[in-house]
Amino acid sequence: MRVAQEAGIPCLLVRSVSDAGDDTDFLSFFQTAALNSAAVVRTILQSLPPSLP
């Protein structure tokens, strides 16, 4: 991210929650977290213009 910023290259950092924040087992929450993350990234990508400068 920092290198892209310094080089003037447009970039986007997406962070995702990887656990439920409680005593839920990580492995049981993993699929839900992965599907939610993929949905967020798809939505972001679909909202971008077809070509970036």
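How many residues apart are Arg 2 and Glu 6 in helix 1, and about how many helical turns separate them? I took this up as the opening entry, noting that the model is predicted.

**Entry 1: the pair in helix 1.** I found that Arg 2 and Glu 6 lie four residues apart in helix 1, so about one helical turn separates them. I then looked up the contact itself: Arg 2 forms a salt bridge with Glu 6, and the closest N and O atoms are 3.0 Å apart. That distance falls within 4 Å, the cut-off for a salt bridge. I recorded a count of one salt bridge by this rule. For the accessibility of the two partners, I noted that Arg 2 is exposed, with a relative accessible area of 55%. Glu 6 is likewise exposed, its relative accessible area being 55%.

**Entry 2: overall content.** I looked up the secondary structure and found two helices and zero strands in the protein. Helix 1 spans 2-7 and helix 2 spans 26-47. Of the 53 residues, 6% count as buried.

**Entry 3: the nonpolar patch.** I next listed the members of a nonpolar patch on the surface: Leu 12, Val 14, Val 40, Val 41, Leu 45 and Leu 48. Together they have about 500 Å² of accessible area. I placed Val 14 in the loop between helix 1 and helix 2. Is Val 14 partly exposed or buried? I recorded a relative accessible area of 40% for Val 14, so this residue counts as partly exposed.

**Entry 4: Leu 12.** I located Leu 12 in the loop between helix 1 and helix 2. Because its relative accessibility is 57%, Leu 12 counts as exposed. Which residues does Leu 12 touch, not counting those up to four places away in sequence? I found Met 1 and Ile 44.

Methods. Residues numbered from 1 in each chain as written. Predicted model: local features only at pLDDT ≥ 70, side-chain atom pairs only at ≥ 80, totals over all residues. Heavy atoms only, no water. Buried < 20%, exposed > 50% of the residue type's maximum accessible area, 1.4 Å probe, protein only. Patch = residues over 30% accessible without salt bridge, like charges linked within 9 Å, V, L, I, M, F, W, Y side chains within 5 Å. Areas by Shrake-Rupley, 256 points an atom, 1.4 Å probe, with all protein chains shown as cover. Salt bridge = Lys/Arg side-chain N within 4 Å of Asp/Glu carboxyl O. Contact = heavy atoms within 4.5 Å.
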